[in-house]
Amino acid sequence: MTAHLPEPSPRPAPSGDIRASHDDREAVVDQLRDAAAEGRIDFDELDTRLEQALTSKTQGELAALTADLPPVDSLANRPPLVLKGGMYGASRGPGAWEVPGRVIAHGGVGGVKLDFTRVECRLTEVVVEAYGETSGVTIVIPDSWVADTGGMDPGVGGLKDETTPARLPGTPLLRLTGSGGAGGVVIRHPSRRERRKLDGNPTQG
């Protein structure tokens with residue numbers, strides 16, 4: 001009687017040979033466009049790489065297109081940005097600025113304003129730890145971003161969330177924590193006046 005040996009299990013494909021998904025290709029396309037905007041690759045090379053990204057079949061082919069670029073998550077590992085209102089207040093934005101994975105804002109006596117409307121952010125999530133203290137913290141995010149304020153203690157000054165849940169694919173989630181203190185914390189989209197200024201200076205960085 002001939003013994004029937006079990007058939008060997010198929011070996012898993014090496015990671016570089018795994019088939020790429022639409023989301024994988026889109027993530028590389030976004031990374032390439034950001035690299036061109038930062039001056040890391042010229043626009044002729046961008047066109048070539050974009051065409052290759054959109055036709056890549058495997059994750060290995062996609063990885064080769066970004067091997068000479070900084071990792072997307074490098075900002076997530078940077079030290080937090082700390083802003084202290086002090087006597088005269090502090091702000092960041094609305095010009096372009098590099099957003100780390102975590103921002104800590106202390107309103108102090110002068111207050112703090114964080115404006116994300118002109119930033120190029122490739123992170124999937126940004127944590128803002130806001131303490132209203134005496135004069136409060138104001139946070140402005142683009143219309144395409146959404147905020148999760150469930151981890152925020154409103155304190156005496158309260159939390160005013162004027163954002164909408166209409167998040168676009170590929171944009172960050174802003175996770176808000178901390179305490180409102182006496183001055184409170186406000187998170188919102190741009191005001192009418194801010195929108196007019198943005199429309200009048202579309203390329204201001």
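**Close-up views of the predicted model**

**Figure 1. Cis peptide bond at proline 94.** Proline 94 is located in the loop that runs between S2 and S3. Helices (H or I, at least four residues) and strands (E, at least two) are DSSP runs, numbered from the N terminus. The bond joining glycine 93 to proline 94 is a cis peptide bond, with omega at about 10°. The model shown is predicted: local features need pLDDT of at least 70, side-chain atom pairs count only at pLDDT 80 or more, and totals for chains, interfaces and linings use all residues. Residues are numbered from 1 along each chain as its sequence is written, and side-chain values use heavy atoms, with hydrogens and water left out.

**Figure 2. Overview of the protein chain.** The protein chain holds four helices and 10 strands. Read from the N terminus, its elements follow the order α-α-α-β-β-β-β-β-β-β-β-β-β-α. Of its 205 residues, 37% count as buried; buried means under 20% relative accessible area, exposed over 50%, and partly exposed in between (1.4 Å probe, protein chains only). Contact means heavy atoms within 4.5 Å. Among contacts between residues at least 6 apart in sequence, 69% join residues at least 24 apart.

**Figure 3. Packing of helices H1 and H2.** Two packed helices are described by the angle between their axes and by the distance between those axes. For H1 (residues 22–37) and H2 (residues 43–55), the angle is about 175° and the axes are 10 Å apart. This angle makes H1 roughly antiparallel to H2. Axes are lines fitted to C-alpha atoms, for helices over the stretch in contact, and angles run from 0 to 180 degrees between N-to-C directions. Angles under 35 degrees count as roughly parallel, over 145 as roughly antiparallel, 65 to 115 as roughly perpendicular, and the rest as oblique. On the H1 side the contact is made by Arg25, Val28, Val29, Leu32, Arg33 and Ala36, and on the H2 side by Phe43, Leu46, Arg49, Leu50, Ala53 and Leu54. By class, the contact of H1 with H2 has nine nonpolar, no polar and three charged residues. Here Ala, Val, Leu, Ile, Met, Phe, Trp, Tyr, Cys and Pro count as nonpolar, Asp, Glu, Lys and Arg as charged, and the others, Gly among them, as polar.

Figure 4. Strands of a sheet pair through backbone hydrogen bonds, either parallel or antiparallel. In this open sheet of five strands the order is S2-S4-S6-S10-S8, with parallel pairing. S2 and S8 (159–162) stand at the edges with a single partner strand each, so one side of each has no neighbour in the sheet. From one strand to the next, the twist averages 5°. Two strands pair if DSSP finds at least two bridges between them. S2 (residues 90–92) and S4 (residues 112–115) pair in the parallel sense over three bridges, and alanine 90 stands opposite valine 112 in S4. S4 also pairs in the parallel sense with S6 (residues 137–140), over four bridges. The bridge partner of valine 112 in S6 is valine 137.

**Figure 5. Aromatic cluster of Trp97, Phe116 and Trp145.** These three residues form one aromatic cluster. Rings of Phe, Tyr and Trp (its six-membered ring) pair if their centres lie within 6.5 Å; planes under 30 degrees apart count as stacked, over 60 as edge-to-face and the rest as tilted. The count of aromatic pairs by this rule is two. Tryptophan 97 and phenylalanine 116 form a tilted pair, 5.1 Å centre to centre with 40° between the planes. This pair links the loop between S2 and S3 (102–106), which holds tryptophan 97, with the loop between S4 and S5 (125–131), which holds phenylalanine 116, 19 residues apart. Phenylalanine 116 and tryptophan 145 form a tilted pair as well, 5.4 Å centre to centre with 45° between the planes. Tryptophan 145 lies in the loop between S6 and S7 (146–153), so its pair with phenylalanine 116 ties together parts 29 residues apart in sequence. Relative accessibility is 9% for tryptophan 97, which counts as buried; phenylalanine 116, at 0%, counts as buried, and tryptophan 145, at 5%, also counts as buried.

**Figure 6. Backbone at glutamate 133.** Glutamate 133 has a positive phi of about 50° although it is not a glycine. This residue sits in the loop between S5 and S6. With 33% relative accessibility, glutamate 133 counts as partly exposed.
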